[in-house]
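Dear colleague,

Please find below the structure that I am handing over to you. My notes on it follow.

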Amino acid sequence: MTDLVAQSSPERSAAPRTVRISKPNDVVASYSVLLKQVRKEGLLTRRRRFYVCVFALLALAMGAAWTGFALLGDTWFQLLIAAVLGVVLTQVAFLAHEASHRQIFKTRGANDWSGRILAAGVVGISYAWWMDKHTRHHNDPNTKGKDPDIEVDTISFLEEDAAKATGIQAWITRRQGYLFFPLLTMEGINLHARSISTLFARRTIKGRWVELALLGARFGAYLGVLFWFLPVGMAFAFLGVQLAVFGIYMGASFAPNHKGMPVVPRDSTLDFFQKQVLTSRNIRGGSFVNNAFGGLNFQIEHHLFPDMPRPHLRRAAVIVREHCERLRVPYTEVGVAASYGAVISYLNRVGLAARDPFDCPMINRYRRP
């Protein structure tokens, strides 16, 4: 019998729940059967034409945005272009993410180079930093002490981290669910800063000098154009809007995937299949949602088959959902609004651990989301 204690459960009460899976050996063995079925249906084959089309559309969108920038000139309507760039750059980041998972090309080298150029040269994020962080996340999603995505930053994702917050950090932590989206406006700056600091770290980093050159060229050209063609105040406003939209879009795309789902103890012996399914959340929706989230809305399937191209995820979801039903393994899938509601509720609940011990218990009771 395998026990997994969740810190929250979407679409249910705020109290922790225990998920119990009987016949664990059958569940463990079933993943190989599932993988064979997915391969048999050709869902792991590359979809080069799809990605060529995505790249072409993004190149056109980027070209259109900069053409609009040139035509508008010295006007505050440039902030609309800044918002568009924030969206386009996030979509490029999705493409770099798929390259990092070997979804686009057959060879590792082709995927790495395309991902590095897109991430560092276009988006302004270190590919090496992302690969290290994201690989550790995929190996141990929502696992204490192992998943970097639940490590404390401005936001605390674990109650023990929230309880350590003091001063202004504690004030933010107690309200972090409600402040989640406002805080995401700074996430773009955070991603750029972490990327650059990583590349200057005193340790071996693959492709360090290539990425530094790409980042230098990217930021030099971008900032040079802004401050050459726009007044200083407008240039700063343009940069602020672009970074804010980029940060919100990136955070809003990745956060619903695991936040508020079961948290796994560090010493857990949970098998690969259960760990990936129980800690991930899918988001319902059609083609618009799939494209808006860059395929991340099929988070369960993405974690089970990281190298599966985006166009195959929808079909894989049908197979995985039926597989989970047969094994009685909980498969979480909610709407967009419900997913954000679960994230905000979870963050506020964790944030209560940062409350002042002298606060009135009655007030704290009714403060719970």
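In these notes, a polar contact is a pair of N or O atoms within 3.5 Å; within protein, one must be able to donate a hydrogen and the other to accept it, and residues adjacent in sequence count only if both atoms are side-chain atoms. This is a predicted model, in which local features need pLDDT of at least 70 and side-chain atom pairs count only at pLDDT 80 or more, while totals for chains, interfaces and linings use all residues. Residues are numbered from 1 along each chain as its sequence is written, and side-chain values use heavy atoms, with hydrogens and water left out.

The side chain of H101 makes polar contacts with the side chains of H134 (3.2 Å) and H138 (3.3 Å). At 10% relative accessibility, H101 is buried (under 20% relative accessible area; exposed is over 50%, partly exposed in between; 1.4 Å probe, protein chains only).

As to aromatic pairs, the whole structure holds 13 (rings of Phe, Tyr and Trp, the last by its six-membered ring, with centres within 6.5 Å; planes under 30 degrees apart are stacked, over 60 edge-to-face, the rest tilted). One of them is edge-to-face: the ring centres of Y31 and F272 are 5.1 Å apart, with the planes at 65°. Y31 is buried at 17% relative accessibility, whereas F272 is partly exposed at 37%. The rings of F94 and Y249 are likewise edge-to-face, with centres 5.8 Å apart and planes at 85°. Both F94 and Y249 are buried. Ring pairs also link F94, W129, W130, Y249 and F254 into a cluster.

With kind regards
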